[in-house]
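Colleague: I have just opened this one and would like a walk through it. Could you take my questions as they come?

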Amino acid sequence: MITFPCAKINLGLNIVAKRDDGYHNIETVFYPIPLYDALEIKYMGEEFPSDVNCDLKVTGNAIDCNEAENLVIKAYNLLAKDYKIPRVHTHLYKRIPSQAGLGGGSSDAAYMIRLLDERFRLNIGNAEMERYAAKLGADCAFFINSEPAFATGIGNEFMPVDEPEGNLNGYHIAIVKPSIAVSTKEAYTDIVPKKSKICCRDIVRQPVESWKGLLVNDFEAPVFNKYPQLAEIKNKLYEKGAVYAAMSGSGSSIFGIFKESPSHLDNSFADCFTFTAQL
């Protein structure tokens, strides 16, 4: 059985407070985009020699972690504590780049929970699947439904943004991911939490053309200061006609929103992963 975990972008990201538990409260709009991994599970026969109940083969983009630390395996083990689940072979084809602010690992974990629930008829329910997913990462729970959402808390409390497609229906997106890798821990180093003057949810409800200068990702300033190439990519997207451009999450992907297909970008960003699609 196979499923296709999607990526996300952040439409605004404000770090509003430091929590007593060491985490940060945020405000952001998560928006799913049509960039996908592929995740497949198959029964592992009793005759197959394995020390684990869920093994993992990764193809496509390389992942810099061992099998036991992959969130797909952690998702299986988390559910297996509470449900009787057969042994499985897992194949993950990675297309969503890692350490990009696109939520690829979190999406893989959430979709593994969904896949196991559907395949083995666990009847967990979406609310409970979100609870399980939240144990694996702050933004994992978003991918259980993978619908536009205004997120607060550590990124695990959701409210509707507006209508399901928001203001982006019919627009085009370009994602540019250079070889730079930014860890979330690194991105938080120079952050000073502050309450935003205008909530990103309210800005996103306005026409896309009004977002520039209003819809802000608080990670951009410190990350751009350390990696000027990212600021250059953002500026270049505007030069190429984007009506809005920003870094997603803690980076290092930069996205641009275009009224028309940005196919003219094909040769504009050498040595970068580049993805374009209609929203």
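**Pocket, domains and helices**

Modeller: The lining of the largest pocket draws at least three residues from each of domain 1 (2-160) and domain 2 (172-278), with domain bounds that come from an automatic or database domain assignment. This is a predicted model, in which local features need pLDDT of at least 70, side-chain atom pairs count only at pLDDT 80 or more, and totals for chains, interfaces and linings use all residues. Residues are numbered from 1 along each chain as its sequence is written, and side-chain values use heavy atoms, with hydrogens and water left out.

Colleague: Which residues lie nearest the centre of the largest pocket?

Modeller: Leu71, Gly103, Ser106, Asp139 and Thr184 do, out of 48 lining residues. A pocket here is an open set of points on a 1 Å grid over the protein atoms alone, with protein on both sides within 12 Å along at least five of seven lines, where a 1.4 Å probe fits, and lining residues have an atom within 4 Å of a point.

Colleague: How do the lining residues divide?

Modeller: The lining has 21 nonpolar, 19 polar and 8 charged residues, where Ala, Val, Leu, Ile, Met, Phe, Trp, Tyr, Cys and Pro count as nonpolar, Asp, Glu, Lys and Arg as charged, and the others, Gly among them, as polar.

Colleague: Back to the domains, what separates their centres?

Modeller: The centres of domain 1 and domain 2, taken over C-alpha atoms, are 23 Å apart. Their contact, meaning heavy atoms within 4.5 Å, takes 29 residues from domain 1 and 35 residues from domain 2.

Colleague: And at what angle do α1 and α2 pack?

Modeller: Helix α1 (residues 71-80) and helix α2 (residues 104-119) pack at about 35 degrees, with axes 8 Å apart; helices are DSSP runs (H or I, at least four residues) and strands likewise (E, at least two), numbered from the N terminus. Axes are lines fitted to C-alpha atoms over the stretch in contact, and angles run from 0 to 180 degrees between N-to-C directions. Among the residues that meet are Leu71 and Tyr76 in α1, and Ser106 and Met112 in α2.

Colleague: Where does Gln99 lie?

Modeller: Gln99 is in the loop between β6 and α2, and has a positive phi of about 45 degrees although it is not a glycine.
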